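Welcome! Please take a look at the sequence and the structure below, and then let us walk through them together.

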Amino acid sequence: MSAHRSVAVVATTVKELPCWRLISRHGEALVARQGAQVLYYAPNGQPPVVWLSDQAEFRKGSSLRGGIPVCWPWFGQFDRNPEAVRAMLAAGADAPAHGFARALDWQEGGARVDGDAACLRLQLDLPAGHGGWSHAAAVTLDIRLDDALTLTLSTRNAGTDTLVLSQALHTYFAVSDARDVTIEGLDGAAYVDTLRDWTSQVQDGPLSIQGETDRIYTGLSAPVQIRDPGWRRTIAIEATGSRSAVVWNPWVDKSLRLSQFRPDAWRDMLCIETARVWDDVLELAPGAAADMRVTMRAMRWDA
């Protein structure tokens, strides 16, 4: 445990999973060693910002529904990734959705208090890669909790060949009702609608969720905001080292097929995933490193 006044990083266990609680004067977060997955984040006196399913199973070796899964070194279905990403994996090798990093135990690289901030570093060292992905790499996730939550995903190519990967911080945001919120900051952005034959579209105005949604936005440069009238707040999402984002909500029918997910839980969540996907994949020369960062901050309308 690292502590300074009311700010702390505390090791704990939730059912089968080793975890850490990050506590600041402004809120609290829960992080699992498995997958370096932030499971929960709530500012003081507010509903959660990061949503975790009330049916989540804290079982070793099983993914959890909700939180912020780390998708690495590929995002989504492997065969939908660009050819350069697919070329990194041996033919016929196991290719789980969203990569393998979210299923592995990461190592603690340090827990500390920095003024008002509770900070945790988790590391995944892969000197020989993993399974059929035989590339040397070092991955770090830095988590900082103060008046906002900031995640920085860093990748270093420790091998002798160029490394190409896609990645995402797959954040499940908590909302009062997905049908009532609007997403701002995407107006004019190009996107790929995976539910309309992967066709290219252009966003016109704010986005509202009116049915199952699965879109890959590209060429982004401005912050994105979730305006939530039910909870009278705005969640500001600011990303660096990323020009793409994925917006996802399963809506009614798909929710019935999801594990660890109530049939009506689609109303309670909305994914906006800070990413490097599609035409924004990450290419690293030998010895090179790159960061992708997202900061999420909840702002009350009556504050």
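How many positive and negative side chains does the protein chain have, and how far apart do the centres of the two sets lie? There are 30 positive and 36 negative side chains, with the two centres 4 Å apart. Here Lys and Arg count as positive and Asp and Glu as negative, while His and the chain ends are not counted; each charge is placed at NZ of Lys, CZ of Arg, CG of Asp or CD of Glu.

Before going on, please note that this is a predicted model, in which local features need pLDDT of at least 70, side-chain atom pairs count only at pLDDT 80 or more, and totals for chains, interfaces and linings use all residues. Residues are numbered from 1 along each chain as its sequence is written, and side-chain values use heavy atoms, leaving out hydrogens and water.

Seen as a whole, the C-alpha atoms of the protein chain fill a box of roughly 55 × 50 × 35 Å along the principal axes. Of the 303 residues, 53% are buried, meaning under 20% relative accessible area with a 1.4 Å probe, protein chains only.

Now for the rings, which pair if the centres of Phe, Tyr or Trp rings (the six-membered ring for Trp) lie within 6.5 Å. By this rule there are eleven aromatic pairs. One of them joins W74 and F78 edge-to-face (planes over 60 degrees apart), with 5.0 Å from centre to centre and 70° between the planes. W74 is buried at a relative accessible area of 1%, and F78 is buried too, at 14%.

Definitions and conventions:
Buried < 20%, exposed > 50% of the residue type's maximum accessible area, 1.4 Å probe, protein only. Phe/Tyr/Trp six-rings, centres within 6.5 Å; stacked < 30°, edge-to-face > 60°.
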